Amino acid sequence: MWIVLLSFLLFDWCDELETLEETTMAKELVLVGDSLGYWRNEIAYRDIPAGYWDQWIYRRTYCRRAVEAWVPCSRASVTYRINLGLALMSMVFHFDRTARGAKYDQLVKTVNVPDLEFVKVDDIATGDFTEALKGVDAVVHIACPLPGRKDIDETFKSAIEGTLNVVRQAEKAGIKKFVVTSSFGTVLSPTHMPAFAGLTFDETMWGRLDEKEFLKNQGDKYYVYFTAKIKAEQALWEFAADHPHINVATILPGYVIGPYPKTFPRPTSIAATGTNDFVHGLINKGEVPFAPNWIVDVRDVAKGHVLALGKLPLPADDVGRFIINGATYPWKKAAEHLKKAKPELADRIIDLDTVNPLPGVLSDLDTTRAREILGIQEFIPTEKTFEDTVDDLLVLEQEVGLCRDCPGRPFKACLWPRWIPEVLYHEQFEPMLSEILRSILGSWNFLAEEYQTMSEKLVLITGVTGFVAGHTTDMLLARGYRVRGTVRSSKYDTVRKTVQKTGLEFVKIDEVASDDFTDALKGVDAVLHLACVLPGRQTLDETFKSAIEGTMNVVRQAQKAGIKKVVVTSTFGNLLNPSHRPMFQGLTFNETQWGDCSRDEFERNKDDKYYIYFTAKMNAEHALWEFAAEHPDLEVATILPGLILGPYSKTFPLPTSVGTMGTNDFIHGMINKGEVPFAPVWLVDVRDVAKAHIMALEKLPLPADDLKRFTINAGTFPWKKLAEHLLKTKPELRDRIIPLDTVPPLPGPLGSLDTTRAKEILGFTECIPMEKTFEDAVDDILMLEKLWAKKE
């Protein structure tokens, strides 16, 4: 007989299990800790052949309800034995001590499965497992509290000692096979910003832990949680190394969602829905989360544990870790899918046009090992996972109505403390009360801001409502910075009323080239100077004043105020002649180069708005570096992007006309029977440009002999090629684009921009594909056209 001990985490997860092929594990007993857990139960039932297992032991920690940290709670565990052919899972709930016996009795009475029994374990980190481990052949340890359910010390104790206590006692009892639930969070930094760096993570990687960083982020429950998970898994592998006779495997799932098991009691409040609360918030006018974007079905996670158990022992040199992930799947995409698949939810999901862009390029999790070693060839489609999850949540809302744990209070009220009067649950009071509670207790939902690496640094952004500045603001806020943005008087009142985000403030600056920045610079740690008028918006003299004096006025005052870090937006045009003829001479340009312009040539081209613009930008950057050379205490970096295209930040007011679309007017013209541009051919996504400014800021100070100029560019792209791409991906635009066989040939071989410095120094390894940039930009342009049509 074979027995597996399973201990689990905080939710009721799964109810079905994939059929397993008969193996030598038949008729072995599996001990499952905290078996009421979400995906632990998923392991339990699915067409298991009769007699396949003689017994199955569940170990479960459960409680009356999952409440917020200000409500005192304790824990207990219940262990089950069950006749099934798999490793099971366990779950932790919080409950009042007086309810412990009643809950235990309730489970015994309501869960009737042949050969399933329960045993109490008070604290998985310190409890005695002697009785629970009798006759057990393997342990599957899954128990761990969700982020924010315990304080720092308890979180670390539960994660680390909870794991080691079970494994130590099991090893002492002679048990040799262990499968432990870890997390995707153990392969990257607990800040999770690498999740938006366009990287690929696999099981050979570990998140970097830094004591100073931890002290800075100890108020972030997600940072604390993932740090605890990293330490717990590392401690497990150290124990395994010291005891080579045991066989260990760890499962590193993405963010786990999915339907609930039908075997065990279902959630009776939002607080008990576990990780599915992200989905519940999404379909209840909540914010669309920006992370985690690695989504996996609870049923696949359960299956992963079972398959890993069946593969033990693994070769001695095997890493023993398995990433289980369904897909890299942005939550906005999930919301879009749900609106299409379940149109009845359309009014329950916020306007997706208001969703902020992701703070970078999504990274991936490599599931090669799970596929090749465990044999998981196919994951449940993420769309189905979301649909099944929503179906369960809607049923729960209908079944529960009023939360059983909070008599007389709405289901959604379970997330709120009991001391709030019932009258305040009326919907007309909810926005006001929610805002008050946010300010007192921190963010109310498990949303993006709780993944932030909260910083106290204040950054001044000039022209904050601009194309690049808007995205830069979004990303800085997402990274925990505070932002102060300059706004012209004509826009100031509107922006203050319509844009309200934590950490974002505004200051009036009408003329960047001459205004006093004294108040704007108070308390500022760094300046990002992004404001600049586009070609043709001003006269020749005004263009030069705005570019040159606009830059120097900001930088001079910042240096005088003692600010040491400044990042300025420049342009690819500073690398070559303002006529841009060299763009079609097959040359490669890098940051060591500068464009040249004679007075005679300037006089001949002073009616060319682009020539004037690029000449002014070149002079502005020259003046900036001369000032920096005279003030070596000032750390400066410049960003030289290609032509910037892409979607708009949804934080700030959207363009109100074609004239305010910025550089996207190139695309707007092309999809409105306009000419297909032949230049510029160096293009880059606005989100990458924003990201580059922040990466440069965080790299300062650079070595004194460094150029400190960074070219940011996605590649060289003929516009005709991009028009062809749009015709394929958006055939509805066919009648809006001129026949491409009428497009004249390019005037020469295309040149290129060398982005080596951005890759090697900033770590900017990958840009958003230009095809995606065009698609996203076109989507926004079409959306704007509809908005403008409604106003006419």
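A: The account below starts with the core, moves to salt bridges and ends with the backbone.

This is a predicted model, where local features need pLDDT of at least 70 and side-chain atom pairs count only at pLDDT 80 or more, while totals for chains, interfaces and linings use all residues. Residues are numbered from 1 along each chain as its sequence is written, and side-chain values use heavy atoms, with hydrogens and water left out.

A nonpolar core here is a set of buried Ala, Val, Leu, Ile, Met, Phe, Trp, Tyr and Cys residues joined through side-chain atoms within 4.5 Å. Buried means under 20% relative accessible area, exposed means over 50%, and partly exposed is in between (1.4 Å probe, protein chains only). The largest such core has 72 residues. I461, F506, L683, W719 and F774 have the most contacts inside it. Helix 21 (residues 770-791) gives the most to this core, with nine residues. Helices (H or I, at least four residues) and strands (E, at least two) are DSSP runs, numbered from the N terminus.

Take L683. Its neighbours within four places in sequence are set aside here. L683 is then in contact (heavy atoms within 4.5 Å) with L643, L645, N713, A714, G715, F717, W719, L722, M770 and F774. In soluble globular proteins, nonpolar side chains tend to be buried together.

Now the charges. A salt bridge is a side-chain nitrogen of Lys or Arg within 4 Å of a carboxyl oxygen of Asp or Glu. The whole structure holds 27 of them. D685 pairs with R687, their closest N and O atoms being 2.7 Å apart. Both partners are buried: D685 has 0% relative accessibility, and R687 has 11%.

R484 and E505 form another salt bridge, with 2.6 Å between the closest N and O atoms. This pair links distant parts of the chain, 21 residues apart. R484 belongs to strand 16 (residues 482-487) and E505 to strand 17 (residues 504-508). R484 is buried at 10% relative accessibility, whereas E505 is partly exposed at 32%.

The side chains of E161 and R168 also meet in a salt bridge, at 3.4 Å from N to O. E161 is partly exposed, at 31%. R168 is partly exposed too, at 37%. Elsewhere, salt bridges link D297, R299, K384 and D388 in a network. Side chains of opposite charge can pair when their charged atoms come close.

Last, the backbone. The peptide bond from A291 to P292 is cis, with omega near -5 degrees. P292 sits in the loop between helix 6 (277-282) and strand 11 (294-297). The bond from L312 to P313 is cis as well, with omega near 0 degrees. P313 is in the loop between helix 7 (298-311) and strand 12 (321-324).

Two lysines have positive phi. For K673, phi is near 65 degrees. K673 lies in the loop between helix 17 (665-670) and strand 23 (682-685), and is partly exposed at 48% relative accessible area. For K708, phi is also near 65 degrees. K708 lies in the loop between helix 18 (686-699) and strand 24 (709-712). K708 is buried, with a relative accessible area of 10%.
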